[in-house]
Amino acid sequence: MAMVGLFWIAEGDVYVGAKPSGHAPGVRLTPEGVVSLGDGSSDLWPWDEVRGLTVEDVPLKNLKRRISVMVDMVLTVTSFGETDAPPMMSVLVETADGTTDLTVYAAASSYSQEEYDLSLSLLSHLTAGEATLRATLAAMAQWGRAQEDGSPRAAEREGLLREWVGVGTLS
């Protein structure tokens, strides 16, 4: 299992945000479409109906965020074992019928602007057509099955996102 940008890749499965467990909300990207998960939800939006896919409310790294995270860590340590849930993000699935707002947990406490921008490019890339999305999801899943050491460092994550945005693109 590893985090790359806004994606959590576990074996061959690709999620936006953290991989959900139990009844927690989540979004899985499959060759068939976008699937909402958690608390009895299992809606599917087939790729041929998805016009747009984006993520909002992403915790981005900046000085104010770093200070906030440090304060939260101090408060967590002093609250006798009570912990807060990870930040929540909104995954927006746009179809001809409108936009559906799905909630997911962030897989990281904050993301760099570069990883966020590349992740949005990758989500846009997935809606470009069936051949592109199948090749891209296959490349992401293949990488996830081969990954054994957890999440790579920032430069490698950004490189992977750039590579995946290029998959299926005609040069």
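Strand β2 (residues 7-10) is covered on both faces: F7 and I9 on one side, and W8 and A10 on the other, are all buried, that is, under 20% relative accessible area with a 1.4 Å probe and protein chains only. Strands here are DSSP runs of E with at least two residues, and helices are runs of H or I with at least four, numbered from the N terminus. The model is predicted, so local features need pLDDT of at least 70 and side-chain atom pairs pLDDT 80 or more, while totals for chains, interfaces and linings use all residues. Residues are numbered from 1 along each chain as its sequence is written, and side-chain values use heavy atoms, without hydrogens and water.

Strand β1 (residues 2-4) runs antiparallel to β2 and is joined to β2 by three bridges; V4 has F7 as its bridge partner. Two residues separate these strands in a hairpin, and G5 in the turn has a positive phi of about 60 degrees. Strand β3 (residues 13-16) also pairs with β2 in the antiparallel sense, over four bridges, with V14 as the bridge partner of I9. In this second hairpin, again with two residues between the strands, E11 takes a positive phi near 55 degrees.

The buried residues of helix α4 are R157, E158, L160, L161 and W164. They cover an arc of only 160 degrees around the axis, which puts them on the same side of α4; the arc is taken from the directions from the helix axis to the C-beta atoms. Their cover includes β1, β2, α2 (113-126) and α3 (130-146), where contact means heavy atoms within 4.5 Å.

Methods:
Buried means under 20% relative accessible area, exposed over 50%, partly exposed in between (1.4 Å probe, protein chains only). Two strands pair if DSSP finds at least two bridges between them.
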